[in-house]
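User: I would like to learn how to read the packing of a protein chain from its coordinates. Could we work through a case together, one feature at a time?

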Amino acid sequence: MKNLILALSILFAITIFNPQIYSQKRDNQQPKNLRMNLKAQLNLSEDQEKKIDVLRLSHEENLIKLNSELDFKNLDMKKLLSSDNITRVEMINLTKGLSGIKNDIALARANHQMDVYDLLDSAQRKIWMEKMEKSGDMKKEMKDKMHKRRK
């Protein structure tokens, strides 16, 4: 009887104190898996894969530069907001600078997508567009959910 009570107590403690039971499981590799799945569906040639890899590396390098500029502008904004004397001109200029970098990031992403799109044949483009459309729908749904949670 004592063994049964001990076993049940241990089982109870494991279920109560195990945080993984209550947490949602996340797939940390989800973006990579989606990309690999898309690659498989597109049935890319070796030449296309090599060109896309070169484009991706170039795009990543560009994004690293742009994101570091964005970080510096955000730091400048924090410095300005923590100072005692804020002028309208400084605030407007920093805001324009931040917006400009964010715009550059969005344009770089669009250009990268179009560079990849230009490498595809007509059948691959059809698959690509279907995936981009679904991706856009998922992003919109996520934004809507986040907006609802804020209210």
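User: Leaving aside neighbours within four places in sequence, which residues is Met77 in contact with?

Analyst: This is a predicted model, and a contact here is a pair of heavy atoms within 4.5 Å. Once the neighbours within four places in sequence are set aside, Met77 is in contact with Met91, Leu94, Thr95 and Leu98.

User: Which residues make up the largest nonpolar core, and which elements give two or more residues to it?

Analyst: A nonpolar core is a set of buried nonpolar residues joined through side-chain atoms within 4.5 Å. In this chain the largest such core has nine residues, namely Leu66, Leu70, Met77, Leu80, Leu94, Leu98, Ile101, Ile105 and Ala108. Helix 3 and helix 4 (88-119) are the elements that give two or more residues to this core, and helix 4 gives the most, with five residues. Apart from it lies another core of seven residues, including Leu42, Leu44, Ile52 and Trp128.

User: What do the totals for the protein chain come to in secondary structure and burial?

Analyst: The protein chain has five helices and zero strands, and 15% of its 151 residues count as buried. Among its contacts with a separation of 6 or more, 61% are accounted for by residues 24 or more positions apart.

User: Where is Asn43 found, and is it buried or exposed?

Analyst: Asn43 is found in the loop between helix 2 (30-42) and helix 3 (46-82), and it has a positive phi of about 55° although it is not a glycine. Since exposed means over 50% relative accessible area, Asn43 counts as exposed at 63% relative accessibility.

How values were computed
Residues numbered from 1 in each chain as written. Predicted model: local features only at pLDDT ≥ 70, side-chain atom pairs only at ≥ 80, totals over all residues. Heavy atoms only, no water. Helix = DSSP H or I, 4+ residues; strand = E, 2+ residues; numbered from the N terminus. Buried < 20%, exposed > 50% of the residue type's maximum accessible area, 1.4 Å probe, protein only.
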